[in-house]
Amino acid sequence: MRERQNLLREAAGLVEPQSFAFGDYTGRKPGRRVFLLGLAIYDFMAGQRARHYYKADEFTMLAPNVAREGLNGGMCYVDAKTDDARLVLRVLQEAQEHGAVAVNYMAVESLLREGGQVRGQVRGVALRDGLSGAVREVRAKLVISATGAWADGLRGQVGAKARLRPLRGSHLVLPAWRLPLAQAISLMHPTDGRPVFAYPWEGVTLVGTTDIDHGADMRLEAAITEAEVAYLMVALRAQFPGLKLERDDIIATYAGVRPVIDSGQADPSKEGREHALWLEDGLLTVTGGKLTTFRVIALDALKRAAPLLPGWRDSLRPLPIFEPVAALTGAPRLSGEQKTRLLGRYGRHAQALLDCAREGELTSIAGTATLWVQLRWAARCEAVLRLEDLLLRRTRLGLQLRGGGRDIMERVRAICQPELGWDDARWEEQKNAYLALWDSHYSLPAPSEHHA
C-alpha cells in the first residue's frame with residue numbers, strides 16, 4: 001500500500017486511483033462484517049479513513065446494472081490501476097537515462113562459468129538474438145536473473161530444483177458501452193468463490209482474472225481457453241443479469257503467466273504472492289511478487305548483490321521512482337487529463353512526442369484514449385521490431401479494438417511504415433504475422449477447445 005501511494009503520487013497519469021464496489025448479498029461470502037473489518041485494516045495501513053458501506057438504493061446508484069436480488073447494500077474502496085506495459089517502458093526509459101543498456105529480442109541461451117568449469121561460479125551469459133539468431137558472450141561480475149515465470153529455466157542450468165508454480169491469469173475485454181461501469185466491480189465467483197473484477201481500463205472494460213496451473217510449454221505465448229471464457233462469462237451473467245452479455249460482446253482476450261512460488265497448495269489461488277531471492281553458484285534470481293512492489297523487490301535484490309560486488313558503494317535507499325518532468329507546452333486542443341496521461345507514460349519525452357505530431361495526429365483513435373501520434377512515436381523511438389510490439393505492447397490497440405485493429409490498419413501503415421523503414425514486402429509480412437498471432441492468442445478460442 002505504501003508503494004501504491006508512492007506510484008499514485010510520482011506517476012500521475014500512468015498510475016491512477018480506481019474506486020471498486022463490492023455488493024453485499026444475502027448468504028454470499030465474505031459477509032459485510034468481515035469485508036468492512038478488512039477495509040478498516042486496509043485504511044489503517046494506508047493512513048486514510050473513508051466511508052465504505054452504502055445501503056442498497058445508494059449502492060445501485062454507484063454501481064448500476066448489478067444484480068438486485070438479495071442485495072442489502074455494498075462496500076466501496078479505492079485502489080489503483082495502470083497500463084502495465086507502459087509502466088515497464090517508463091522504467092526502462094529512465095534506466096537508460098541513467099546508463100543502462102536495454103536490448104529487445106535478446107534471450108539468454110546459456111550461463112558462462114568461471115574458468116569454464118562445470119561447477120564454477122556464473123560469470124556471464126551467452127545471448128542469442130531472437131531475430132538474426134546470432135550468439136554473443138557477455139561477461140559480468142554478477143548475473144541477476146529477473147525473468148519472472150521463466151526463472152526456473154536458468155536456475156536449472158546451475159542444477160537448482162524448480163521452485164515456481166506458473167499460474168495463468170486470463171482476461172476478457174468488452175466495449176465500455178456494452179458493460180458500462182461508473183466504477184470497478186469486485187465480486188466473488190458464484191461457482192468457487194474466487195475474486196473476479198470488472199473495471200474500466202484504457203477506454204474498454206476489462207474482466208478477469210482466472211488463476212489456474214499453466215501446463216503449456218513456457219516457450220509459447222499463453223492464451224485463454226474456452227473453459228476460462230465460460231468461467232468468466234458465468235461471473236458476468238450472475239453479476240450483471242440485466243445486460244444479457246454474450247460471447248459475441250467480447251472484443252479481445254489475453255492471458256499472462258504469474259511467477260508464483262510453489263508451496264504445495266492444492267488450490268492455486270491459495271499460493272502466496274511474495275517475492276523470493278536465491279543465490280546459486282553466483283546466479284542471483286529474483287522472482288515472484290507483485291507489480292506494485294517492483295521497487296521494493298529491486299532494492300532487496302540490490303542489497304543481496306552488494307556483498308558480491310567489492311568496491312561498490314550505494315546507500316540503497318528508496319529514491320523517487322521517476323524523475324519529475326516539466327509541464328507540456330503547445331497542443332491547446334488536448335485536455336489537461338490528456339496531457340497528464342502523456343507525461344505519466346512518456347516522462348521527459350512527452351514534449352518531443354507532441355512536437356513530432358502531424359496534422360490530425362493529436363486526436364484519439366475511436367474507442368480508445370490513445371492518440372494517433374503515439375503510434376508514430378513508438379515506431380520512431382521505442383524499439384519496435386515487429387508489428388505486434390507496436391499494437392500489443394507499445395500501444396494496447398490490439399486489445400482495445402475488435403479484430404485487433406484490422407479496420408485502422410491502413411492508417412497505421414501510413415504513419416508507421418516510413419518511421420520503421422520497412423518496405424512493402426516487410427510490412428505485409430509483419431501484418432500477416434500479427435493478425436495470425438491475434439487470431440490464435442487474443443481472440444476467442446474455438447468453443448470446442450477445453451484443454452488447460
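Phe 22 and Phe 35 are both buried. The model is predicted, and buried here means a relative accessible area under 20%. The rings of Phe 22 and Phe 35 form an aromatic pair, with 4.4 Å from centre to centre and 15° between the planes. Planes under 30 degrees apart count as stacked, and the pair of Phe 22 and Phe 35 is stacked. Phe 22 belongs to strand β1 and Phe 35 to helix α2 (residues 32–46), so this pair ties together parts that lie 13 residues apart in sequence.

A pair of aromatic rings is described by two values, the distance of the centres and the angle of the planes. A search of the whole structure finds six aromatic pairs. In one of them, the ring centres of Phe 20 and Tyr 199 are 6.3 Å apart and the planes stand at 50°, so this pair is tilted. Phe 20 is in strand β1 (residues 15–25) and Tyr 199 in strand β10 (residues 195–201); the two residues are 179 residues apart, and their pair links distant parts of the chain. Phe 20 has a relative accessible area of 8%, so it is buried. Tyr 199 has a relative accessible area of 21% and is therefore partly exposed. Ring pairs join Phe 20, Phe 22, Phe 35, Tyr 77, Phe 197 and Tyr 199 into a cluster.

Rings also meet charged side chains. Arg 28 lies over the face of Tyr 25, at 4.1 Å from the ring centre. Trp 278 has the charged end of Arg 155 over its ring, 4.5 Å from the centre.

Next come the helices. How do the axes of helix α1 and helix α7 cross? The axes of α1 (residues 2–10) and α7 (residues 294–305) come within 9 Å and cross at roughly 115°, so the two helices are roughly perpendicular to each other. On the α1 side the contact is made by Glu 3, Asn 6, Leu 7 and Glu 10, and on the α7 side by Phe 294, Arg 295 and Val 296. Sorted by class, the contact of α1 with α7 has three nonpolar, one polar and three charged residues.

Helix α11 (residues 387–394) and helix α14 (residues 424–441) have axes that come within 8 Å and cross at roughly 45°. From α11, Leu 387, Glu 388, Leu 391 and Leu 392 meet Trp 427, Gln 430, Lys 431, Tyr 434 and Leu 437 of α14. The contact of α11 with α14 has six nonpolar, one polar and two charged residues.

Methods:
Residues numbered from 1 in each chain as written. Predicted model: local features only at pLDDT ≥ 70, side-chain atom pairs only at ≥ 80, totals over all residues. Heavy atoms only, no water. Axes fitted to C-alpha atoms, helices over the stretch in contact; angles between N-to-C directions. Helix = DSSP H or I, 4+ residues; strand = E, 2+ residues; numbered from the N terminus. Parallel < 35°, antiparallel > 145°, perpendicular 65-115°, else oblique. Contact = heavy atoms within 4.5 Å. Nonpolar A, V, L, I, M, F, W, Y, C, P; charged D, E, K, R; others polar. Phe/Tyr/Trp six-rings, centres within 6.5 Å; stacked < 30°, edge-to-face > 60°. Buried < 20%, exposed > 50% of the residue type's maximum accessible area, 1.4 Å probe, protein only. Lys NZ or Arg CZ within 6 Å of the ring centre and 35° of its normal.
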